[in-house]
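Let's take a walk through a protein model together. Have the structure open and follow along.

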Amino acid sequence: MGDLDRVLPGNTPENRAEMLRKVTDLFVEGAERYSEAEVGIFDQVMVRLVREMEEAVRAAVAVRLAKIRNAPRNLMCALAADDAIDVAGPALRYSERLDDPTLMATARSCSQQHLLAISLRKTVSEDVSDVLIERGDRMVTLSTVNNAGVRFSPASHAILVARSKDDDELAAGVWSRTDIPRRDLLRLFSIASDNVRRRLEAADRGKTRFIRDMMTGVTNDAQDRMRAASRDYAQAYRRVAELRRAGLLDVNSLEAFADARQFDETTVALAILCDLPIGVCERAMAQDRPELLLMFARAIELSWDATKAILYMRAGAKGIPQLQLDQYLSGFSRIKPDTARKALQFVRLRERAAIAPEPTAYH
């Protein structure tokens, strides 16, 4: 390093670039054989050399090293943080040397083009995708959603569904993913605009009937098939069913599920306590307006605290403004329990008459 510091100032840019090219050639030719200690020596030399180079030279190095599994770690971090996207892009998209903290720091501080490059990586963790969804523009968001290697947190799922309301392309991307929880798909169907609904139908004709039925509030076999295909739902169902068999399923356990933000457990428990098909309670959870849910709560004599826990659970990451929560409380208080029980019985009779084949939650 001392020799480099003495030699570099007296060299022309062309000579320095040639020096870096030769060191890069030497590394690439033997990369598979080098130990981490040896790679570390290359790392020190190349980081020092890259600082002296023009953008085109830095970009060429990034392209050559980005897909090499054991590329010099500090060098790749330096290239990934470069302001020039032609330099940073290859490293951000391909380099396995970039860990989550590095990717998150870059995503928080760099340009939308840098975020776009990260969204194209083979795999993207929940922590990194959270930052992409938080800071990214529409192009970044679409790219992230359309990458099957991206994993999303529950908070990002909720944000994506909310943004899909009037964005047919984003809605189609969300709909096409296999990892979006059913509760978020239900929410998407509930809030989707007419244009979005048409786009969803066009994207997958096989799901057209399900989408239309969800929009009109009609229960059908598609919901049963979605639940049957969901491992999370199966586990939730068994858990609630065990509580019921043990005589432990009551409004307190329902409130505990809601407090823990466990959508499937809460929905199944509510369906059992209300003696309703699960699909009815799913739609009540997904609807923008909570009137039906409030009526169910009053009918089974849920406290306001328990009802509020369910409302917060269904709202997800966006939460509930205090003014809106006050309005919900006012509506909840106005519903008389006896009136709610009669209304619930009407819903039971209507559902059983309209869709006899659908089982209730505990059948």
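Start at cysteine 77, which counts as partly exposed because its relative accessibility is 22%; buried means under 20% relative accessible area, exposed over 50%, and partly exposed in between, with a 1.4 Å probe and protein chains only. Before going on, note that this is a predicted model, where local features need pLDDT of at least 70 and side-chain atom pairs count only at pLDDT 80 or more, while totals for chains, interfaces and linings use all residues. Residues are numbered from 1 along each chain as its sequence is written, and side-chain values use heavy atoms, leaving out hydrogens and water.

Is cysteine 274 buried or exposed? With a relative accessible area of 0%, cysteine 274 is buried.

Now hop over to valine 145, in helix α10 (residues 138–145); helices here are DSSP runs of H or I, at least four residues, numbered from the N terminus. Valine 145 counts as buried because its relative accessibility is 2%. Leaving aside residues up to four places away in sequence, valine 145 touches Phe152, Leu160, Leu170, Gly173, Val174 and Arg177, a contact being heavy atoms within 4.5 Å. Look at that arginine: valine 145 and arginine 177 are 32 residues apart in sequence, yet 7.8 Å apart in space, C-alpha to C-alpha.

How values were computed
Helices (H or I, at least four residues) and strands (E, at least two) are DSSP runs, numbered from the N terminus.
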